[in-house]
Amino acid sequence: MKLNRIAAALCVLGFTGAVPAGAAHAQAKISDDVVKVGVLTDLSGVYSDLAGNGSVIAARLAAEEMGNKVLGKPVEVVAADHQNKPDVAANLAREWFDQGKVDMITDFPTASTALAVMEIAKQKNRVTMPSAGLSTAILGEKCSPLNAQWTTNTYALAAGTARALVKEGKKTWYFITADYTFGHSLEKDATEVIQENGGTVVGVSRHPFPGNDFSSFLLKAQASKADVIALANAGNDTVNAVKQANEFGINKKQIVAPLLTYISDVHSMGLPKAQGMYLTEAFYWDYDDASRAWAKKFFEKAKKMPTASQAGVYSATLSYLKAIEAAGTDDAPAVMAKLREMTINDAVIRNGKLRADGALVHDMLLLQVKMPAESKAPWDYYNVKSVLKGDEVFPKPQAACPLNKS
């Protein structure tokens, strides 16, 4: 009470200087006396390997790094399976916000689940931080001031891989695309990059999500004689398509280029089938000392190396908690304001800056899958071809997002 009276007196006197750290801490405001992070993920379906329980582990590692407390209040991590269904995700989010005291939700394999929850979160004054929801639609007309698309998006993924292959002379492309929001976004963004760099798209096949038999789509792509067969899908769909392309011998005459490939996918394919593939990633565990040290902690709990999506959940959760600490409150607009002030540099994200539209712009990695003889140990899968600067690969702010209008 005494601190509050002093602060009030200073305001009356017109004092506008910095409040002492002790006073700021004493006035810290944490709703419900707990900071609760929700991991809304795929625990049982096609994306459970790239996200799933590994994302829950990643969020808990971030909380542990903060001592499971922020501003003296406990941090809790809860998780649920959204089954890749927007209506299920929306119902879970409402329950979490209204009854579960959840302050922020992260992960969101499938962009449609992220889009469904973002609107609810905005109404409830809560934060969303998609790590696996990658559609650029999240940054367009559906953008939210309380959302941060943390790890990457379809344009950034396509820009690195497509640009590199077109520059190598691979000018003609055929798409095999998952027939839902994410697949369409990845195809659209890659097409834009291909055409900007002098390439052409000669055909498209769209497959149901999830898919099992890709033979008819692959044979159409083979018949097109395109230089590159681009896979605009993810998870098990990508793994199955690559394996079937190998069975047909397609990869001997045409390049099969998955536009979203996680290290879990390469692990499932095996190096003999994946060797030589180009991919763009936000994170690779063996990139530097910081990434290796964090990945070791993750491996001890998960018994596998983290995907970029799982690593992104760690970075998003850690940054969110640090922003609460800096803001002195878990009030969503105040936390988002701090996140936009921060430069994100941790074991996962390099040189990250959060834009008004919710895009976290940061450096990406252009990778190439190693030949089997090059790999020295399990999970030693990539050669880093180059570091791609965020401003060069992330999409420009969209006019459709009202947050981009001055």
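Buried here means under 20% relative accessible area. The model shown in these views is predicted.

View 1. A80 lies in strand β3, which covers residues 73-81. Its relative accessible area is 11%, and because the cut-off for buried is under 20%, A80 counts as buried. Contacts of A80, leaving aside neighbours within four places in sequence, are made with V39, L40, T41, L43, L92 and W96. A80 and A93 are 13 residues apart along the chain, and 9.6 Å separates their C-alpha atoms.

**View 2. Strand β13 and its burial.** Strand β13 is made up of residues 364-369. Six of its six residues are buried, so the strand is largely enclosed by the rest of the structure.

**View 3. Pairing of β13 with β10 and β14.** Strand β10 (residues 278-281) runs antiparallel to β13, and four bridges join the two. Strand β14 is also antiparallel to β13, with six bridges between them. L367 of β13 takes part in both pairings: L279 has L367 as its bridge partner in β13, and the bridge partner of L367 in β14 is V384.

**View 4. A nonpolar surface patch that includes V384 and V387.** V384, the β14 partner of L367, belongs to a nonpolar patch on the surface together with Y287 and V387. The accessible area of these three residues together is about 210 Å². V387 is located in strand β14, which spans residues 382-388. V387 is partly exposed because its relative accessibility is 36%, and the class of that name lies between the limits of 20% for buried and 50% for exposed.

**View 5. The buried face of helix α14.** Helix α14 covers residues 332-341, and its buried residues include A332, V335, M336 and L339. Viewed down the axis of α14, the buried residues fall within an arc of 100°, so they line one face of the helix. An α-helix has 3.6 residues a turn, so residues three or four places apart point the same way. Among the elements that cover the buried residues of α14 are β5 (127-130), α13 (308-327) and β11 (353-354).

Notes
Residues numbered from 1 in each chain as written. Predicted model: local features only at pLDDT ≥ 70, side-chain atom pairs only at ≥ 80, totals over all residues. Heavy atoms only, no water. Patch = residues over 30% accessible without salt bridge, like charges linked within 9 Å, V, L, I, M, F, W, Y side chains within 5 Å. Areas by Shrake-Rupley, 256 points an atom, 1.4 Å probe, with all protein chains shown as cover. Salt bridge = Lys/Arg side-chain N within 4 Å of Asp/Glu carboxyl O. Buried < 20%, exposed > 50% of the residue type's maximum accessible area, 1.4 Å probe, protein only. Pairing = 2+ DSSP bridges. Contact = heavy atoms within 4.5 Å. Arc of directions from axis to C-beta.
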